[in-house]
Amino acid sequence: MDDDAVFRALADRSRRQLLDRLHRANGQTLGELCQGLEMTRQAVAKHLAILEEANLVAVEWRGREKHHFLNPVPINDIAERWIGKFERPRLAALAKLKRTLEGNE
Amino acid sequence: MTDKPGSSYIYVTYIRTTPEKLWAALTDPKMMKDYWFGTIQECDWKKGSPWKMLFADGRIADAGEVLEVDPPRRLVLKWRNEWKPELKAEGPARCVYEIEPVDGAVKLTVTHTIERTGSKFIEAVSGGWPRILSNLKSLLETGEVLMRSK
């Protein structure tokens, strides 16, 4: 809910890895998120709780299954605060140029 | 994980306001125009009523109807893209707004779902929602939107 919680939650490689996995496939359960990870189920659950507390992960219960969704709104709030107002078109152009030059487009 | 039927996105934002003020912001055409980057929504917010979203130049962007309305707690819209044939072909999506008071703030959850797996429509709206919700939060907390145009 506050920026400190968002930055603290993001300041950890494992938690960023979990967000990356949700970015690839949204709405996963704890069991699905654990697959192929070096972390224990307990560690993943703890990291998810911190991400949820920071509102970076939103959850939805479907029956007894808890599904996790990447919630990009707090990161967007932070981005808009410093770069949104004036810089967005230029940054988008730079990002596009970078992708073109690096051959990802 | 990828074989789950349907596509959905959930967005959550906490806004320092009241459920009533947030409800007004979600249904007042003037306020909506401010944080929706100039698009206009037309609806009388009664169950079964048609709902339309128009670009600033009057073209229809999206259309649907009000499926549920329970002020200031819950609003459900049937929502279909009307201007991109490939998105329109996916049929209607469902958009649920839920408002809950939490510790002097209000939690707004927006859930956008469609039956089709790997939906391009859900992908398209997923990029827009965070910016709209950041704008809405700023408008209610400071009286100013962050950005007026895209």
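Modeller: In this predicted model, helix H4 (residues 120-142) of chain B lies across E1, E5, E6 and E7 of chain B. Its direction makes an angle of about 10 degrees with E1(B).

Biologist: At about what angle to E6(B) does helix H1 of chain B run?

Modeller: Helix H1 (residues 19-27) of chain B runs at about 155 degrees to E6(B). The strands it lies across are E1, strand E5 (74-81), E6 and E7 of chain B.

Biologist: How should I read the sheet itself?

Modeller: In general, strands of a sheet pair through backbone hydrogen bonds, in a parallel or an antiparallel manner. Here the sheet is open and has seven strands, in the order E1-E7-E6-E5-E4-E3-E2 (chain B), and the pairing is antiparallel. Strand E1 (7-15) and strand E2 (40-42) of chain B form the edges, each pairing on one side only. From one strand to the next, the twist averages 20 degrees.

Biologist: How many bridges join strand E6 and strand E7 of chain B?

Modeller: Nine bridges join strand E6 (residues 93-102) and strand E7 (residues 105-114) of chain B, in the antiparallel sense. As one instance, B:Val96 has B:Thr111 in E7(B) as its bridge partner.

Biologist: What pattern does chain B follow along the sequence?

Modeller: The pattern is β-α-α-β-β-β-β-α-β-β-α, with four helices and seven strands in chain B.

Methods: Residues are numbered from 1 along each chain as its sequence is written. Chains are lettered from A and ligands numbered from 1 in the order in which they are written. This is a predicted model: local features need pLDDT of at least 70, side-chain atom pairs count only at pLDDT 80 or more; totals for chains, interfaces and linings use all residues. Two strands pair if DSSP finds at least two bridges between them. Helices (H or I, at least four residues) and strands (E, at least two) are DSSP runs, numbered from the N terminus. Axes are lines fitted to C-alpha atoms, for helices over the stretch in contact, and angles run from 0 to 180 degrees between N-to-C directions. Two residues are in contact if their C-beta atoms, placed from the backbone, lie within 7 Å.
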